[in-house]
Amino acid sequence: MKVKNVLMLLAITLMCGQFAVAQNALNDKADNIVGIYESVQNGDRFRAKIEKLKDGTYRGQIIWMEKDKNKDGNKILDTKNPDKSLRNTPADRIVIFSGLKYDGKDHEWGGTKIYDPQRGVKAKMTASFAADGRLKITGSVLLISESVYWNKIN
């Protein structure tokens, strides 16, 4: 093999290696969102788990609620869900978003909608970490936005 070809092959190998390192660094930052969080929304304390799916996107699911039973002692259900087939889902098992993607350029997650079980509505979602380390979740419908901060506990 000529020296010129060897140098070309070496250059291509180095570029591929740098791309792989850059992609791994991006994935590491994207995966910072994975974990268990606790927050309060409209007086209701809850915990949510964010996990990475096989397709590289993220899903958030409520896993615990401080008040998970109604006054009759029965589990609270997702009765406001616009999808009637999900209205019997216990409130502490509701999937609130799926398909969330990381945007390395803007250093935030988005590309999906978040479901608000208290209101029974979906809103455009973005998520980013605030300077104090809390996860800022913002939901927007038309020109109205609301942000909730989640504290990572695990």
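Predicted model: local features only at pLDDT ≥ 70, side-chain atom pairs only at ≥ 80, totals over all residues.
Residues are numbered from 1 along each chain as its sequence is written, and side-chain values use heavy atoms, with hydrogens and water left out.

## The pockets

With those classes, the lining of the largest pocket divides into 18 nonpolar, six polar and seven charged residues. A pocket here is an open set of points on a 1 Å grid over the protein atoms alone, where a 1.4 Å probe fits, with protein on both sides within 12 Å along at least five of seven lines; lining residues have an atom within 4 Å of a point. The largest pocket has a volume of about 680 Å³, where volume is the space filled by probe spheres set on grid points that are joined across faces, edges and corners.

Which residues lie nearest the centre of the largest pocket? They are Gln41, Tyr115, Asp116, Pro117 and Gln118, out of 31 lining residues. Strands (E, at least two residues) are DSSP runs numbered from the N terminus. E2 (44-52), E3 (58-65), E5 (108-116), E6 (121-129), E7 (135-141) and E8 (144-152) each supply at least two residues of this lining, and E8 gives the most, with five.

The second largest pocket has a volume of about 170 Å³. Its lining includes Asp78, Arg93, Phe97, Lys113 and Tyr115. Strand E4 (95-103) and E5 are the elements that give two or more residues to this lining, with the largest share, three residues, coming from E4. By class, the lining residues are six nonpolar, two polar and four charged.

## The nonpolar core

A nonpolar core is a set of buried Ala, Val, Leu, Ile, Met, Phe, Trp, Tyr and Cys residues joined through side-chain atoms within 4.5 Å. Buried means under 20% relative accessible area, exposed over 50%, and partly exposed in between (1.4 Å probe, protein chains only). The largest core has 25 residues, and those with the most contacts inside it are Ile33, Ile50, Phe97, Trp109, Leu135 and Trp150. E2, E3, E4, E5, E6, E7 and E8 give two or more residues to this core, and E4 gives the most, with four.

Phe97 also lines the second largest pocket. Not counting residues up to four places away in sequence, Phe97 touches (heavy atoms within 4.5 Å) partners including Ile50, Tyr58, Met125 and Trp150.

## Salt bridges

A salt bridge is a side-chain nitrogen of Lys or Arg within 4 Å of a carboxyl oxygen of Asp or Glu. By this rule the count comes to 10. Three of them are shown here.

| Pair | N to O distance |
|---|---|
| Arg45 and Glu66 | 3.1 Å |
| Glu51 and Arg59 | 2.3 Å |
| Asp116 and Arg119 | 2.9 Å |

Arg45 lies in strand E2 and Glu66 in the loop between E3 and E4, so their bridge ties together parts that are 21 residues apart in sequence. Arg45 is partly exposed, at 29% relative accessible area, and Glu66 is partly exposed at 42%. Asp116 counts as buried at 11%, whereas Arg119 is partly exposed at 44%. Finally, salt bridges that share partners join Glu38, Arg45, Arg47 and Glu66 into one network.

Conventions:
Nonpolar A, V, L, I, M, F, W, Y, C, P; charged D, E, K, R; others polar.
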